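Please keep the viewer open as you read.

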Amino acid sequence: GRDAAFATELTYGTLRAVGTLDAVVAAAARRPVERIDPPTRDALRLGAYQLLRMRVPAHAAVSSTVDLVRVVAPAAIGFANAVLRVIASRDFDAWIAELAPDAEADPIGHLALAHQHPAWIVRAFAEALGGDLAETTELLIANNERPAVHLCARPGRAEAARLAEEVGGTPGRFSPYAVYLPGGDPGELAALRDGRAHVQDEGSQLVAAALVAAPLDGTDRRWLDLCAGPGGKAGLLGALAAERGAEVTAVEVAEHRARLVTEATAGLPVHVHCADGRAVGRYPALPEGGFDRVLVDAPCTGLGALRRRPESRWRRQPSDLPPLTQVQRELLVAALRAVRPGGVVAYVTCSPHIVETHVTVVEATRRFGRPVDFVDARPLLPEGMPEIGDGPTVQLWPHRQGTDAMFLAVLRRTG
Ligand SMILES: C[S@@+](CC[C@H](N)C(=O)[O-])C[C@H]1O[C@@H](n2cnc3c(N)ncnc32)[C@H](O)[C@@H]1O
C-alpha cells in the first residue's frame, strides 16, 4: 500500500542521495558527519531526505525523525531536533547553491553535489560522453529515477507481446524479448517461476542477442559464456541456442553464482562449469580455439547500472578499477584464445568507464598478439535504435535508450 511505497522511496532515495545529504547534515550540524554517532547520523539522513527531496511537511518530517532518534539514540534528541530545524530552513536548491562548488570554476564538483553522485563518477561519465556536460546532466538525472523492471521473454518459450498482456506490462521498445513491468514483485509471476521469462535489463538482452546476430562463416554450434553468473545472459543465449541447434558452455568462477546459472538455465542446452575463465587451454571444457561465439560479460564497476543499485555509487572507489581492469584484460585475451579463427567474441560491461571499455579492448587485443578485427556492432542491434554512435563499438545509456549503460565491442579472430 501507500506506506510500503513511502518506505521504499525513503530508503532507496536516502541511499542514492547519501553523499549530498551528508554535506547538508554536516553544514547544519557544523561538524563532519563522521563525528555524529551512526544511529543519529542515519536518522538525520532520513530526515534530510524527507525535508529536501520528498513532499513531507516539515513539522511531520522533523517530529517523525525525532521520534526515531528517541528510540535509537535518546541522548541526541536535542541535537537532532536543532539540526533538522536548520536543514528545514532552506529547500534543496538553496542548500546546493550554498554548498556546491561554483558551477563555472568546478562544473564536475557542482554536478556531483547537485545530482547526488561522487565527483569521480561524474568525471568518468563526462569523459565517456565526450565532455558534454549538458548530456552528462541528463544521465545523472536518469540515474536518480527508479527504472522499470524489465523481463526477458525467452525465445521459444514465450513471446513478448503475449507476456506483456499476461503480466500487465508493455513490450520493450528495442529488444524483441523485452517487457517492461509496471511495478510489483516480479518474483511472484508465474512466467518467471516456470522458466518462460527472467528479469533482465533490456540493454543486457540487446548485447547478448548481438553476439548471436554477428555474421559467421562455418560451424556455429559451440557457444561460450565466460562470465556467466548469475545467469541472465546465459538464459537468453541458452534459449537462442536451443532454437539454432547450438550448445552453450557457461563458466563462472564463484561457486554460489555458478549454482545460480544452473538454476537459471534449467532445461536449456547450457553446460555450467565452476572454473576460472582465464584457464582456456588448461581446462578440458575450455579448449583453445574450441568455440564459434564467445561472450565476455566481464566483472566491472557496474557504473552503468547505478539506477538499479541505489547505494553502489557511494561504495565504489576509483581504487576498484585497477584490479577489475586487469581481470577484464585477462578474460578478454582468454576469450580470444577460446574462439576459433573466424569466430566472434562480444566484450560487454555494464560500465561506461573508458578504462573498462575502450582501454581494456585495445590493451587485450594488443596482448593477444594475433590478428583481430572489430565487427561493427551497430547492425547487430535492432533497427531504429537512436543515438548509437559511429561504431564499431556501441555504448548504450539510460538517458538515451532507457537501458542500463551497457558497452559492447564485437571482435572477430582472423588468424
Ligand atoms: C557482470 S557479471 C556477469 C553477469 C552475467 N553474464 C549475467 O548476465 O547474469 C561478471 C561475473 O564474472 C564472474 N567472474 C569474475 N572473475 C571471473 C573469472 N576469472 N572467471 C570466470 N568468471 C569470473 C563474477 O563472479 C561475476 O559473476
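In the largest nonpolar core, which has 43 residues, Leu408 and Val410 touch the most other members. A nonpolar core here is a set of buried Ala, Val, Leu, Ile, Met, Phe, Trp, Tyr and Cys residues joined through side-chain atoms within 4.5 Å; buried means under 20% relative accessible area, exposed over 50%, and partly exposed in between, with a 1.4 Å probe and protein chains only. Helix H11 (202–213), H12, strand E6 (247–252), E9 and strand E12 (407–413) each supply at least two residues of this core. The biggest contribution, seven residues, comes from H11. Helices (H or I, at least four residues) and strands (E, at least two) are DSSP runs, numbered from the N terminus.

Before going on, a word on the ground rules: this is a predicted model, in which local features need pLDDT of at least 70 and side-chain atom pairs count only at pLDDT 80 or more, while totals for chains, interfaces and linings use all residues. Residues are numbered from 1 along each chain as its sequence is written, and side-chain values use heavy atoms, with hydrogens and water left out.

The domain assignment divides the chain into domain 1 (2–143), domain 2 (150–199) and domain 3 (202–413); such bounds come from an automatic or database domain assignment. Between the C-alpha centres of domain 1 and domain 2 there are 35 Å. Which domains share in the core we began with? At least three of its residues come from each of domain 2 (150–199) and domain 3 (202–413). Zoom in on Leu408 and you will find that, leaving aside residues up to four places away in sequence, it touches Val207, Ala210, Ala346, Tyr347, Val348, Ala377, Thr393 and Val394, where contact means heavy atoms within 4.5 Å. Apart from this core lies another, of 33 residues, including Val24, Ala28, Ala76 and Ala100.

Now turn to the sheet. Four strands form an open sheet in the order E2-E3-E1-E4, with antiparallel pairing; two strands pair if DSSP finds at least two bridges between them. Strand E2 (170–171) and strand E4 (197–199) stand at the edges with a single partner strand each, so one side of each has no neighbour in the sheet. Strand E1 (residues 150–153) pairs with E4 in the antiparallel sense over three bridges, and Cys152 has His198 in E4 as its bridge partner. Helix H9 (residues 160–167) packs on this sheet and touches E1, E2, strand E3 (178–180) and E4, its direction making about 25 degrees with that of E3. For such angles, axes are lines fitted to C-alpha atoms, for helices over the stretch in contact, and the values run from 0 to 180 degrees between N-to-C directions.

Charged side chains come next. A salt bridge is a side-chain nitrogen of Lys or Arg within 4 Å of a carboxyl oxygen of Asp or Glu, and by this rule there are 25 salt bridges. Glu255 is exposed at 58% relative accessibility, whereas Arg259 is partly exposed at 48%.

Finally, look at the backbone. Most residues other than glycine have a negative phi, and most peptide bonds are trans. A cis peptide bond joins Gly229 and Pro230, with omega about 5 degrees, and Pro230 sits in the loop between strand E5 (222–225) and helix H12 (232–244). Gln116 has a positive phi, near 65 degrees, and lies in the loop between helix H6 (107–114) and helix H7 (119–128). Its relative accessible area is 5%, so Gln116 is buried.
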